[in-house]
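Here is a short briefing on one protein model. Look over the sequence and the fold, then work through the points below.

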Amino acid sequence: MTGDRAHDGSAGQGARRTAAQEIRTSNAVHRNDGLVVQAGQINGDVHFAAPVPPPRPLASTLPRAPARLVGREAELDAVLGAGNPVRLLTGMGGCGKSALAIAAADRLRGEHPGGVVLLPCRGYRDRGEFGLREAVAELLALLEVPAAHAVGVGLLHRRFAEFAAAGLPLLLVLDDVGPHWDVAALLPSDPVHGVLITSRDELDVDAEPVRLGALPAGSAVELLRREIARGDPADPRARLREDLLLVAERCGHLPLALRVVGELLRGDPRREPRVVAADLGSPHRLSVLEKVRSAVALSTAALRESPNRVDRSAAALFERLGLLPGVEFTAARAAVLLDEPDPRFARLLLDRLCAAHLLEPRADGGAFHDLTGECAAESFAALPARLRRSLALRFAEHCADVADAAVAPLRPGADATSEQVGAGLRTLHDEHDALLAGLTDAVARGTAGADAERLCAAAARVAEALLVRCERTGRVHEARRAAEPLLLAARVLGDQDAELRALLALCEAHLAGGRPGEAAGYVRQAIELTRARYADPRFPATFSRTMATYARLAAETGEHEVAAAEYRRLLDRHRRDEDAPGRCAALGGLGRVALLRGDLDEAARRYEAARALADRHGLAEQAEIAWNALGVVLARRGEVDGAADCHRAARDSAERHGFPHRAAIAVHHLADLRLAGGDAEGARQHYERCARLYREAGDHRRAEELADRLAALPDEPPDLPAEPPPSPRFPADPAPAARPQPPLFPVVVPPALVLAQVALVWSGHGSAALWAWWAVAVPMAVLVAVRDRVAVALPFALWWPDVAMVGAVLGYSLTAVPAGHLAFVAAGMLVVCALALLRSLRSRSSTSGRRRGR
């Protein structure tokens, strides 16, 4: 190397200073054949890096793309059609993010002539060893920057710019990016480059998001079938669709789990899918799906080891949510499990778990995927026993408080408006799954231990609220899920009142579900408990309720005479106690027995008596039940107009008193009548109104099911239910039985009385018999009048007061003829005619009253 200065060695010191000045002011280099370094001072050796080559198309580092991406066609189209050059693929571990990214990169390869660069970021596996600096170094190496160059983000971006300037756009695939990376530093600034990012977290980056969940059921089966057929295309197990469907369901439709099971089946040709399904159905299925457990463990470990407090708290909450992995957690429910309950902080943690794909987002919080929930349950089981029990108790008492607040306006005697009743039903509907899960868990943990009584007490409060919901919405068949835990809790607490309520609810549920044998077993237990504890006069309501259930069971199982006798005893008991609601229920029960026997006239008379009694005492609910039941009877008798009037009266009463669910039942009956009469459009309007009323009452499930059936009109009538039960006391009616023959008692008694009177006359005691007949006729007339006044309906076989009264009048008349008492004969005949006329007028008035409605 030479500079522009003199080489005269004889020059003086002044000349050397002039030359030095020349060197400092001129840096031109001549005849340079290598690298030049200019430095004021050099310590040690100098190493020269190789020059950076100009950009050229890179060899692809992309693995072989799958021939077909099963079940991810929609997500693939979303990636390919994204307007943003940066796409972010997120989902829980094992859902197929990397496979989707590789398939999309293979499709986009032609749009990026610079090449496809795949960087496995190992953001969850090697968190300590592989960070942003290592990622930059590896990317520079892939972009053909020599290793001796200083590693830095600036050099990386200059290299991206060189490829863009050379017309060689790149496709960068960043796979498995961790949650704490500054991933934006790796992204090229020029939009000609494309980027695909996969992560288990929702990263803070400007990208087009594509979220992956579990596969659809059909796609999961197809993926499993392909995995089995990879070993042997003719493997017959690949055609066992039902077994594969069960295996896919047990795998949670998660691609990673499906591939694990496919590999297991492929490695053992003698193993059947149904055997694997049984293994996956055991409590230890994660031992079969170890890779799924590892994927979830990596995600939670990334949060637990984060320097961020929110991440660490989210990891702790994840473990505690394993208390009830099947529940959808809202902020309020999650806050109960925190050491410092704060719904706002709990919502922040739920959002963080959703962002990490450890929870699936919901409108008010998040819920576990099936397999993730099992991993959370394992984490919860690893917590200290004292902490587990404390969390369970806190959640159970929280559920009890929610249930008590919701059910308060629904309890009998509550002074609540229709809006409060509807709000309570809606709360119980929305909280139903969480309450039921908390109830079941509390009972399971409350069988022993220090907090057993508190857990069972909370469980009993929740169960009774759920039973009230079932009764108020007509869902008696669903009561079993709440009544069985209540029975266990009541026996732990020694609460016989709650035990009896549970037994009766179980009986009702089994009856509604068409299982009279199981119902009979619970009724026997209830009767034993009732007679042992409640036969005392201090407990009339409890005793009567048990015996009413027993009578209804007898009626539904064909023991009509036994049921009628029990209902008559109840009627007498309620009359003595002046219990008008009980009398209405007993009269309704007698009407039900008559209906089951096919005696429609008798059933109508019973229900009419119950309706009149309810009206007289201002019992709106009992009157509406009787109106609807009477409408059913009239419809079976062919009196459609009268039936419609009865249901309208029930509807108007329910609307007037502000009870939309009771109004919905009556409207449902009216819709059925319209449909049976061929008026499909009128039926549609009534069904739509009925669905609105169910929704207003908080019975969303029945409203949704009824709305789904509306589309089938007029071809298929809705079956939810075709004839809704007006009350748990009046279930759907079976086919009418054969009409029984009238008893012989009323036929035999009048001739016997006449013959007795003739014998008296011939024996010469006619005059004495006159006063005997009066002594019989007058008390019988009084008894008939009193009976009709109090609206006590009796079976046809027990109309003995009427028979005795009429027979006495006829006997008196026959006695008076030979004695010459013609005036008395005329009076007797007038009495008979008056009685016949009175009977006719009462019959006509009751029929016209039913038709006019209220």
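Which residue is the bridge partner of Val116 in β3? The bridge partner of Val116 is Leu171.

This is a predicted model, so local features need pLDDT of at least 70, side-chain atom pairs count only at pLDDT 80 or more, and totals for chains, interfaces and linings use all residues. Residues are numbered from 1 along each chain as its sequence is written, and side-chain values use heavy atoms, with hydrogens and water left out.

**Overall**

- The protein has 35 helices and 8 strands. Both are DSSP runs numbered from the N terminus: helices are H or I with at least four residues, strands are E with at least two.
- Of the 854 residues in the protein, 47% are buried (under 20% relative accessible area, 1.4 Å probe, protein chains only).
- Among contacts with a separation of 6 or more, 68% come from residues 24 or more positions apart. Contact means heavy atoms within 4.5 Å.

**The sheet**

- An open sheet is built from 5 strands in the order β2-β3-β4-β1-β5, with parallel pairing. Two strands pair if DSSP finds at least two bridges between them.
- β2 and β5 (208-211) are the edge strands, and each pairs on one side only.
- Neighbouring strands are turned by 15° against each other on average, direction ignored. Axes are lines fitted to C-alpha atoms, for helices over the stretch in contact, and angles run from 0 to 180 degrees between N-to-C directions.
- Strands of a sheet pair through backbone hydrogen bonds, either parallel or antiparallel.

**Strand by strand**

- Strand β2 (residues 115-120) has 5 of its 6 residues buried, so the rest of the structure largely encloses β2.
- β2 runs parallel to strand β3 (residues 170-177), and 6 bridges join them.
- β3 is mostly covered, with 8 of its 8 residues buried.
- β3 is also joined to strand β4 (residues 194-199) by 5 bridges, again running parallel. Here Leu174 stands opposite Ile197 in β4.
- Strand β1 (residues 86-90) pairs with β5 in the parallel sense over 4 bridges. Arg87 stands opposite Glu208 in β5.

**Helices on the sheet**

- Helix α2 (residues 73-80) packs on the sheet and touches β1, β4 and β5. The direction of α2 makes about 175° with that of β5.
- Helix α3 (residues 97-108) lies across β1, β2, β3 and β4. α3 runs at about 170° to β4.

**Helix α6**

- Helix α6 (residues 217-229) has 13 residues, which at 1.5 Å a residue should span 18 Å; the end C-alpha atoms are 18 Å apart, so the two agree. The expected span is 1.5 Å times one less than the number of residues.
- Buried residues of α6 include Val221, Leu223, Leu224 and Ile228. Ser219, Glu222 and Glu227 are also among them.
- The buried residues of α6 pack against α7 (241-250) and α8 (255-267).

**The α18–α19 pair**

- Helix α18 (residues 432-445) packs with helix α19 (residues 452-472) at an angle of about 145°, and their axes are 9 Å apart.
- On the α18 side, the contact residues include Leu435, Leu436 and Leu439. On the α19 side, Val462 and Leu466 are among them.
- The residues of this contact divide into 10 nonpolar, 1 polar and 2 charged. Ala, Val, Leu, Ile, Met, Phe, Trp, Tyr, Cys and Pro count as nonpolar, Asp, Glu, Lys and Arg as charged, and the others, Gly among them, as polar.

Technical notes:
Buried means under 20% relative accessible area, exposed over 50%, partly exposed in between (1.4 Å probe, protein chains only).
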